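The following note sets out several points for a colleague reading this structure.

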Amino acid sequence: MESVIDDSRAASRPGPGPAERFAAGRDGGVLYLSIAETLARSIRSGAMRRGERVPSVRELARQHGVSLSTATQAYRSLEDARLIEARPRSGYFVAARPPSLPEPDTSRPPQVSKRVDRSALTAEVMRIAEDPDYVSFGAACPAASLFDETKIRRAVARSVQRHRRTLAEYRVGPGHEAVRRAIARHALRLGSVIDPQQLLVTNGCLEAIVLCLRAVTRPGDVVALESPTYFGFFEILEQLHLRALEIPTHPRTGMALDALQLAFETQPVKAVLTVPTLSNPLGASMPLAERRRLARMAGERGIPVIEDVIYNDLSEQDDRRRSVHSFDDGGNVMLCGSFTKTLAPGIRLGWVAAGRWHAQVQRMKAATSGGQSTVLELAVAELLGQTGIESGYRRLRTTIAARVDEAREIIAQSFPRGTRVTDPPGGFILWVEFPHGVDTLELWRSCLDERICFAPGNMFSASDRFGRFARFGVGGRWDDAQRAALRRIGELATRMLADGG
């Protein structure tokens, strides 16, 4: 978990001096946040245990060579994140963490590719998830309250004022040069060096993925992907008449590359579609060595890897933000991203660096949707260039990590004995495995009667292997109604088990 204090309280607290400011991060991250981040990782990993005393403020300042003010800020940010607690006359101690629950096992999908048909269930769940009359955990979208709406509005307003002439112009092409340069600079955070001329701006990340799949596959081709994975990918495969080959995936380390290698040797795989950082719905993050290996495997066989990096900036671990693309030296990794989860959800702007398929993707983009709104492109370019963007990411990570911890605690207290749940290192999604006897589609229908919605597990696979699983998104509204609804889901699941017994 990242640790950032609330802005409304920051003004009354001593801050780091000017020499320490901007010492961490390329774009203005503050040093006390970096120190807090290091401690937070130790606490969340279990290296520092509940009730354990942490170094005093003076000890911390001496260890990191910073002022007492900076050390105090680091500890106050950890207090705000409920990772440590101050005890009168005793110092700081690691706070109580949510009860530990076992994680789901590595998935075991069928070893053959399958046609996809999940559109009816997906459409119904997403329709209800957007209904304000329901308490919803169905969508994996961050709430507007998590973002600085004023900053976004001002950037858009300035762009309209300065470039209002473009509102009357019909623009086509790869995207305004300014936003492509800004995206290329942003990609450096992922370890990826991209020529802005090799970038295309798209209408969101999903359009980028569709364009990549169209460029490298034909109807009937096999696409390898995580299992479980984002239901939107199955909708895309269904529309393009492609077959899904689901690869076993671990809830912490992601896609099993030994299984993918076997698939390469035994199946006619034409592309790999993957989310190596905070995959949806597992929240898995592939280790760095495996990212390097995946890039090498793709290069050896010339198989394109379509990499979705939409969640990378939400990762609590620096090394897990690095892209597979950064290890690719042959143009085999097609990098797709967006800022809808981290910067400005309402500006549906994505991008793609398609490697050796750049020309094909560019032609398809021009033929299908032309260009985007120049004023929105330039607004995003401004937002990406503003100082403090890293602090904004840290604040976002801190807020959603606290929600995830609280949701896991409710699940541990209220869901049936034997429930398993992921503990993702970032993001706002939890993947829950219920004990045998709970059918999550039936549970979902029971919850609808009480105006509660979540996403049943079978949405996230082309098979029916996840009938005891469910995805819960906690990035939206989070209040007493959400907490009560989550407890109620546990009660209904417990009743289902009792009735079945």
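1. A residue is called partly exposed when its relative accessible area lies between the limit for buried, under 20%, and the limit for exposed, over 50%. Arg-477, with a relative accessible area of 44%, is therefore partly exposed. The model discussed here is a predicted one.

2. The side chain of Arg-477 meets that of Asp-479 in a salt bridge, at 3.1 Å from N to O. Asp-479 is likewise partly exposed, its relative accessible area being 26%. In total, the structure holds 26 salt bridges.

3. Glu-177 is partly exposed at 42% relative accessible area, and Arg-181 is partly exposed at 38%.

4. In helix H16, Arg-488 and Glu-491 are three residues apart, which means that about one helical turn separates them. They form a salt bridge whose closest N and O atoms are 3.0 Å apart. Glu-491 is partly exposed, with a relative accessible area of 44%. Elsewhere, one network of salt bridges with shared partners joins Glu-37, Arg-189, Asp-313, Arg-321, Glu-390, Arg-394 and Arg-397.

5. Which residues of helix H15 are buried? In this helix, residues 440-448, they are Thr-440, Leu-443, Trp-444, Cys-447 and Leu-448. Viewed down the axis of H15, the buried residues fall within an arc of 145 degrees, so they line one face of the helix. The elements that cover them include helix H5 (119-129) and helix H16 (480-500). Strands E14 (452-453), E15 (455-456) and E16 (469-473) are also among the covering elements.

6. The start of H15 shows a contact between side chain and backbone. There, a side-chain oxygen of Asp-439 comes to within 2.9 Å of the backbone nitrogen of Leu-441.

7. Strand E8 covers residues 269-274, and five of its six residues are buried, so the strand is largely enclosed by the rest of the structure. Strand E5 (residues 222-227) runs parallel to E8 and is joined to it by four bridges. Strand E9 (residues 305-308) also runs parallel to E8, with three bridges joining the two. Val-272 of E8 stands opposite Ala-224, and Val-272 also stands opposite Val-305 in E9. From E8 the chain passes through helix H11 (residues 288-301) to E9, in a β-α-β crossover that is right-handed.

8. Is Tyr-92 buried or exposed? Tyr-92 lies in strand E2, residues 91-94. At 16% relative accessibility it counts as buried, because the limit is under 20%. Leaving aside residues up to four places away in sequence, Tyr-92 touches Glu-52, Arg-53, Val-54, Val-57, Tyr-75, Glu-79, Ile-84, Glu-85 and Ala-86. One of these contacts is with Val-57; Tyr-92 and Val-57 are 35 residues apart in sequence, and their C-alpha atoms are 8.7 Å apart in space.

Methods
Residues are numbered from 1 along each chain as its sequence is written. This is a predicted model: local features need pLDDT of at least 70, side-chain atom pairs count only at pLDDT 80 or more; totals for chains, interfaces and linings use all residues. Side-chain values use heavy atoms; hydrogens and water are left out. Buried means under 20% relative accessible area, exposed over 50%, partly exposed in between (1.4 Å probe, protein chains only). The arc is that of the directions from the helix axis to the C-beta atoms. Contact means heavy atoms within 4.5 Å. A polar contact is a pair of N or O atoms within 3.5 Å; within protein, one must be able to donate a hydrogen and the other to accept it, and residues adjacent in sequence count only if both atoms are side-chain atoms. A salt bridge is a side-chain nitrogen of Lys or Arg within 4 Å of a carboxyl oxygen of Asp or Glu. Two strands pair if DSSP finds at least two bridges between them. A crossover is right-handed if, with the strands pointing away from the viewer, the path from the first strand over the helix to the second runs clockwise.
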